[in-house]
Amino acid sequence: MGKQLKVGASRTCITPGPEYFPIEHFKNHMTGQPSVFSGKIAEDIFLRVVLMDNGETRLVWAVLDLPGVPESEEVRQLIANCAGVPEGNVIYTCTHNHSGLYADNPIFERWYGEPFTTKVKNYRKFLREIIPGAIKAAEADMRPATMGVKRGSCYLNVNRNEKELGPKAGTYGFRVDRPTDRDLYVVRFDDQQGSPIAILYNFAVHACMMIHNDPEGKGTEISGDLVGRACRIIEGQYNDKTVVMFTSGAAGDMNPLMMSRVNIVEPDGSITTKELGAAGPIILEFMGSRLARDILTVNREIVCSNPSPALWADVQHFSLDSTVIEMPGPSRPVDIRIGLMMLGDTAVIVSNGEIFNQIGRRLKDRTPFRNTMMVTHAGAWLGYIRDDSGSGVYEQNAAQAVDQLVNRFINR
């Protein structure tokens with residue numbers, strides 16, 4: 001038997017203060033102008049950290065309730081330094097929450113100029129300053145633990161890729177006949193008294209159901225969207241003594257089943273997008289509570305019986321031209337970072353980018369491990385990895401990287 005697993009977790013509020021508002025976010029195609037965060041906080045957003053250590057290897061997961069990962073390489077190294085691990089042992093990612101500040105994408109700074117640029121630079125500085133404390137808090141929480149994992153299903157996502165109806169259908173499409181990844185993975189770590197230290201769940205869904213929603217006519221509100229709402233519901237059930245962390249699967253073409261705005265396909269085939277206004281927060285509460293229920297259903301089936309799981313991590317890089325993956329801007333080389341983490345016999349494939357779900361499914365199927373999840377958005381912004389034909393250049397290179405990482409683990 002291996003050494004005793006120890007796990008610690010922390011949750012740190014990253015809700016922007018009033019000095020950041022008003023601030024622009026995503027361009028609203030209904031108005032042709034960027035939507036604006038009003039400064040109203042519908043629900044706080046967080047940085048969640050989980051540390052796992054079996055006496056031989058330490059792994060770190062750090063997840064922001066934000067649309068993207070600011071300063072991915074620099075902050076991943078900061079996290080690694082604070083935790084005393086190689087950077088390959090770190091997952092630094094986001095929930096891709098569209099109701100948090102857009103602090104990761106330089107395109108927004110070029111679009112909006114000042115004062116947007118100064119505000120997001122200050123917010124990135126704030127995040128860098130609180131990360132060491134979040135790591136220390138998780139370290140201070142570390143205690144002997146047992147691990148359990150279960151794969152279930154969740155039907156709260158839908159394929160949004162109605163591209164034949166035009167560009168707007170790619171964002172708010174509703175294709176129940178298209179492939180959809182319904183895997184819902186839940187990993188739980190219990191302390192020696194049987195109380196959960198952390199619950200990690202992984203599901204392929206865009207956290208965008210509240211994008212542009214303006215329920216009071218004053219602007220978009222800050223929240224964790226449906227995935228953050230589910231986290232807070234479950235954390236509340238454990239009196240905030242358990243950290244509940246979401247990671248996004250391959251959800252480039254996966255929307256929530258219900259949104260705060262919808263596409264109406266008119267009789268002539270044209271599309272009218274309608275904003276649901278004050279109904280948005282009600283839909284959010286409904287979807288968040290349903291997602292929480294599905295997570296808890298899977299969670300109840302978990303038996304945390306492994307006190308000494310193998311922990312392992314490594315990464316592989318390859319480069320693609322930006323035009324191959326349809327990134328905006330001039331042609332330039334883009335670094336793709338593929339990681340593999342092992343939590344016992346559970347494999348975690350890690351990548352940057354917004355990857356279409358069938359690519360993710362095929363990458364998961366490549367490993368010999370019964371439980372394999374995929375974590376995306378874990379690095380610099382790439383935009384969408386759309387070519388899900390099975391022969392796309394990203395998928396071919398990523399598949400080779402996964403094969404090499406699996407062999408490296410098996411032959412270690």
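This report walks through the cavities, some aromatic ring pairs and a hairpin in a predicted model.

Residues are numbered from 1 along each chain as its sequence is written, and side-chain values use heavy atoms, with hydrogens and water left out. Since the model is predicted, local features need pLDDT of at least 70 and side-chain atom pairs count only at pLDDT 80 or more, while totals for chains, interfaces and linings use all residues.

## Empty space inside

Let's start with the holes. Rolling a probe the size of a water molecule over the atoms shows where empty space is left. Here a cavity is a set of points on a 1 Å grid over the protein atoms alone where a 1.4 Å probe fits but cannot get out, and its lining residues have an atom within 4 Å of a point. Grid points are joined across faces, edges and corners, and the volume is the space filled by probe spheres set on the points.

How many cavities of 30 Å³ or more are there? The count comes to two. Here they are side by side:

| Cavity | Volume | Lining by class |
|---|---|---|
| Largest | about 60 Å³ | four nonpolar, three polar, three charged |

Around the second largest cavity you'll find, among others, G88, V90, R337 and V350. Here β6 (90–94) and β18 (333–343) give two or more residues each, and β18 brings the largest share, four residues.

## A loop residue on the outside

Now look at Q192, in the loop between β10 (183–190) and β11. Is Q192 buried or exposed? Q192 is exposed, with a relative accessible area of 61%. (Buried means under 20% relative accessible area, exposed over 50%, and partly exposed in between, with a 1.4 Å probe and protein chains only.) Although Q192 and P307 are 115 residues apart along the chain, their C-alpha atoms are separated by 9.6 Å.

## Rings that pair up

The model has 14 aromatic pairs. Rings of Phe, Tyr and Trp (its six-membered ring) pair if their centres lie within 6.5 Å; planes under 30 degrees apart count as stacked, over 60 as edge-to-face and the rest as tilted.

Take F108 and W111: their ring centres are 5.2 Å apart and their planes meet at 55°, so this pair is tilted. Both belong to helix α2 (residues 106–112), where being three residues apart separates them by about one helical turn. F108 is buried at 4% relative accessibility, whereas W111 is exposed at 53%.

F369 and F409 make an edge-to-face pair, 6.0 Å centre to centre with 70° between the planes. This pair links distant parts of the chain, 40 residues apart: F369 is in the loop between α7 and β21 (371–375), and F409 is in helix α8 (residues 393–410). Both F369 and F409 are buried.

Ring pairs also build a cluster from F26, Y102, F108, W111, Y112 and F116.

## A hairpin to finish

Strands β2 (residues 23–28) and β3 (residues 33–41) pair in the antiparallel sense over four bridges; pairing takes at least two DSSP bridges between two strands. K27 has P34 in β3 as its bridge partner. Four residues lie between the strands of this hairpin, and G32 takes a positive phi near 80°.

Technical notes. On a 1 Å grid over the protein atoms alone, a cavity is a set of points where a 1.4 Å probe fits but cannot get out, and a pocket is an open set with protein on both sides within 12 Å along at least five of seven lines; lining residues have an atom within 4 Å of a point. Ala, Val, Leu, Ile, Met, Phe, Trp, Tyr, Cys and Pro count as nonpolar, Asp, Glu, Lys and Arg as charged, and the others, Gly among them, as polar.
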